[in-house]
Amino acid sequence: MITLGVILLLIGFLANISILWQIGVALLVIGLVLAVLGGAGRRVGGRAHWF
């Protein structure tokens with residue numbers, strides 16, 4: 001999710017499409033939150049591993 005968020009951020013910025021920029025930011029934030037929770041050993045969505 002982090003990679004997809006960064007790709008959408010870049011495409012949205014270069015093509016000047018604001019909806020891609022907003023979706024990219026949302027995916028990046030969600031991906032970072034999931035990575036932090038997974039790294040802390042917490043279950044995410046009832047699963048021990050989400051990758």
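A nonpolar surface patch of about 990 Å² is formed by Ile2, Val6, Leu10, Phe13, Leu14, Trp21, Val25, Val29, Leu32, Val33 and Leu37. Patches consist of residues with over 30% relative accessible area and no salt bridge, with nonpolar side chains (Val, Leu, Ile, Met, Phe, Trp, Tyr) joined within 5 Å and like charges within 9 Å. A salt bridge here is a side-chain nitrogen of Lys or Arg within 4 Å of a carboxyl oxygen of Asp or Glu, and accessible areas come from the Shrake-Rupley method with a 1.4 Å probe, only the protein chains shown counting as cover for residues. The model is predicted: local features need pLDDT of at least 70, side-chain atom pairs count only at pLDDT 80 or more, and totals for chains, interfaces and linings use all residues. Residues are numbered from 1 along each chain as its sequence is written, and side-chain values use heavy atoms, leaving out hydrogens and water.

Helix 1 (2-15) and helix 2 (18-39) each supply at least two residues of the patch, and helix 2 gives the most, with six. Helices are DSSP runs (H or I, at least four residues), numbered from the N terminus.

Helix 1 also has a buried side. Gly5, Leu8, Leu9 and Gly12 are buried (under 20% relative accessible area). They lie on the same side of helix 1, because they cover an arc of only 105 degrees around the axis, taken from the directions from the helix axis to the C-beta atoms. Helix 2 is included in what covers these buried residues, by contact (heavy atoms within 4.5 Å). On the other side of helix 1, Thr3, Leu10 and Leu14 are exposed (over 50%).

Methods: Buried means under 20% relative accessible area, exposed over 50%, partly exposed in between (1.4 Å probe, protein chains only).
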